[in-house]
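Thanks for coming, everyone. I'd like to walk you through one protein today. Please have a look at it on the screen.

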Amino acid sequence: MAERRSRPSQRNAPRKQVEAPDPRMLALKTLQELRGGEVTLDELLSKHGYGLPSLDRNFLRQLLGTTLRHLGEIDAVLAPRYQPPQDRVAARLTNILRLGVAQLFFMDTPDYGAVDSTVNLARDAGLHKYTKLINAVLRGLQRDGFEWPEGVEDWQLNIPAWLRGSWKKAYGAETAQGIAESCLGHAMLDLSLKDRTQSADWAEKMDGIVLPTGSVRLEPGRRIRDLPGYKDGDWWVQDAAAAIPATLFSAYKDKTIYDLCAAPGGKTMQLASLGASAIAVDKSEGRLKRVFENLERVSLGAAVVTGDATDLAPDTPRADAVLLDAPCSATGTIRRHPDILLRQNDKLMQSLLPIQSKLLRQADKLLNVDGELIYCTCSLQPEEGEHQVKSFLADHPNYERKAISADELGGWDEAINEAGELRILPIHMADFGGMDGFFCARLVKKA
C-alpha cells in the first residue's frame with residue numbers, strides 16, 4: 001500500500017490577493033497587438049478582458065473603441081507636440097499618448113485623472129524616462145485645447161485615405177462623406193427573433209422598435225444576458241443588415257441549405273427557424289464552437305461541418321440552396337468594429353478577392369439545378385460585391401439574377417439597386433439609427 005503523507009492544513013493560511021489587471025495596461029497591449037492586422041479587436045477583448053470586473057471590462061472596451069474611432073484626430077493633434085523617438089519603444093509610447101488624449105477629450109475621465117493615469121501607465125510599462133514628456137504633452141493639450149488644421153473635418157482625419165477615395169469613386173463625394181460620418185458613430189443593438197411573427201411583442205417588452213425588415217432594434221449599451229428571452233433562446237443578436245440575406249430564399253421547409261462561412265451562426269439559426277435543413281460550414285473549429293453554443297441556447301438543430309469551403313470534397317452532397325457570406329474587408333461594420341480603421345488596407349482587401357471568387361465557384365458545385373445562391377458580404381467595396389457577381393455571371397451563363405423586391409423587405413426599397421441587388425449603406429435607415437454596410441445578390445442556377 002502506498003504511503004500517505006498528510007499535508008499542512010491550508011484552512012487558516014492567509015489567501016494571497018490577486019490584483020485585477022489595469023484595464024489601461026490591457027488597452028495598451030491590445031493596441032500593440034492590433035498593429036499586425038491578423039487578430040481582431042473582439043478576439044483581443046475576449047483574451048484580455050476575461051476575468052475583469054464588469055466595470056473594468058466596459059471601460060476597456062470604451063477606451064479602445066473611442067481611441068480607434070478618433071485615431072486620426074488624436075494623431076493630428078499630437079503631431080505638432082510630439083516627435084516619436086527613434087527606438088523600439090516608439091510604438092508603445094505613441095499608443096500610451098493616444099490613450100491619454102482619448103480620455104482627455106473624448107471620454108468622461110476628469111482631466112487630472114486622464115493625465116495622471118497616462119503617466120502612471122508609462123511608468124508601469126517601463127518607460128520611466130518618458131513620463132515627463134507625456135506629462136508635458138498632455139498638460140499642454142489640457143491647457144490649449146483640441147485643435148487640428150483648418151479646413152479639415154474629423155471624418156477626413158479618422159477615415160483612411162484609401163477608404164475615402166474608394167467610397168468617393170463608388171458613390172460620389174456627398175454620399176462618401178455621409179458614409180464616413182455614419183461609420184464613426186455607434187451601432188444600435190439588433191435582434192433576430194426565433195419566431196418572426198412575435199417581433200412586435202418582443203419590441204414592446206424590451207422598449208424597442210421593429211424595423212421594416214423585421215429585426216427588433218434596441219438602444220445600445222444594454223447587457224445582453226440580462227434581457228428578457230435570452231436564457232430561453234427566443235432571439236439572438238444580429239445586425240439588421242446581416243439578417244436580411246437568409247430571409248430571401250423562395251422556400252425553406254424540407255429544403256437543404258448550406259450556410260458557407262457560417263460562424264458565429266446567426267444566419268444558420270435563421271435558416272433553421274424558418275424550417276430548413278441547414279448545414280453550417282466553417283473552417284475554424286473555435287468559431288464553430290460558438291455556432292454549437294448558439295444553436296443549443298435557442299434550441300434549434302442544424303448540421304455543423306468543419307471544413308474549408310474553398311476546398312470541399314468532390315463527393316460533398318448537393319443542396320437546394322446555398323448562402324455564402326464571404327470573408328471580406330468588413331468595411332461596412334466599422335461602427336461595430338472600429339479596429340478595421342487600423343487593421344485594414346487596400347492591399348489586404350485585394351488579397352481577399354480571389355478567395356471570394358473561389359468560394360462562388362465552390363458554391364456552384366454544391367447547388368442543384370433551379371437552386372438559389374445568395375452571395376453577400378459586409379463590405380462597402382464594390383470589388384467585393386457587385387464586381388464579384390458580375391464576374392461570376394460572365395463565367396457562368398447558366399445563372400441569372402433574381403431581383404430582390406421591396407415586398408420582401410417590408411416595403412423598404414432604399415437599398416435596392418438597378419440590378420435588383422441590395423447595396424446597403426450606413427446612411428440607410430438613418431431615422432432608425434442607421435445600418436451596417438452590406439451587399440447581397442440572389443442568383444438562380446438554370447442548368
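Let's start at Pro264, which sits in the loop between β5 (256–260) and α12 (266–273). One word of caution: this is a predicted model. The peptide bond that leads from Ala263 into Pro264 is cis. Its omega is near 10°.

Cys261 is not a glycine, yet its phi is positive, at about 55°. Is Cys261 buried, exposed or partly exposed? Cys261 is partly exposed, because its relative accessible area of 22% falls between the cut-offs of 20% and 50%.

Ala330 is not a glycine either, and its phi is about 60°. Look for Ala330 in the loop between β8 and α14. Ala330 counts as buried, because its relative accessible area is 16%, and buried means under 20%.

Next, the interior. In soluble globular proteins, nonpolar side chains tend to be buried together. Here, the largest nonpolar core has 45 residues. Among those with the most contacts inside this core are Ile159, Trp167, Phe249 and Leu271. Trp412, Leu422 and Ile424 are on that list too.

Which elements give two or more residues to this core? The helices are α9 (161–171), α10 (173–183) and α14 (340–343). The strands are β8 (319–325), β9 (367–377), β11 (422–424) and β12 (438–445). The element that gives the most is α10, with four residues.

Let's zoom in on Trp412. What is Trp412 in contact with, leaving aside its neighbours within four places in sequence? The list includes Pro212, Thr213 and Ile244. Ala406, Ile424, His428, Met429 and Met435 are on the list as well.

There is also a second, separate core, of 40 residues. Ala27, Leu41, Met107 and Leu138 are among its members.

Finally, step back to the whole protein. It has 16 helices and twelve strands. Of its 447 residues, 51% count as buried. The C-alpha atoms fill a box of roughly 85 × 70 × 45 Å along the principal axes. The radius of gyration is 25 Å; a compact globule with 447 residues would have one near 22 Å, which agrees.

Take contacts between residues at least 6 apart in sequence: 71% of them join residues at least 24 apart.

Last, surface and charge. The protein exposes about 22400 Å², and carbon and sulfur atoms supply 48% of that. There are 56 positive and 61 negative side chains. The centres of these two sets lie 8 Å apart.

Conventions. Residues are numbered from 1 along each chain as its sequence is written. This is a predicted model: local features need pLDDT of at least 70, side-chain atom pairs count only at pLDDT 80 or more; totals for chains, interfaces and linings use all residues. Side-chain values use heavy atoms; hydrogens and water are left out. The radius of gyration is taken over C-alpha atoms; the globule rule is 2.2 Å times the number of residues to the power 0.38. Buried means under 20% relative accessible area, exposed over 50%, partly exposed in between (1.4 Å probe, protein chains only). Contact means heavy atoms within 4.5 Å. Accessible areas come from the Shrake-Rupley method with a 1.4 Å probe; for residues, only the protein chains shown count as cover. Lys and Arg count as positive and Asp and Glu as negative; His and the chain ends are not counted. The place of a charge is taken as NZ of Lys, CZ of Arg, CG of Asp or CD of Glu. A nonpolar core is a set of buried Ala, Val, Leu, Ile, Met, Phe, Trp, Tyr and Cys residues joined through side-chain atoms within 4.5 Å.
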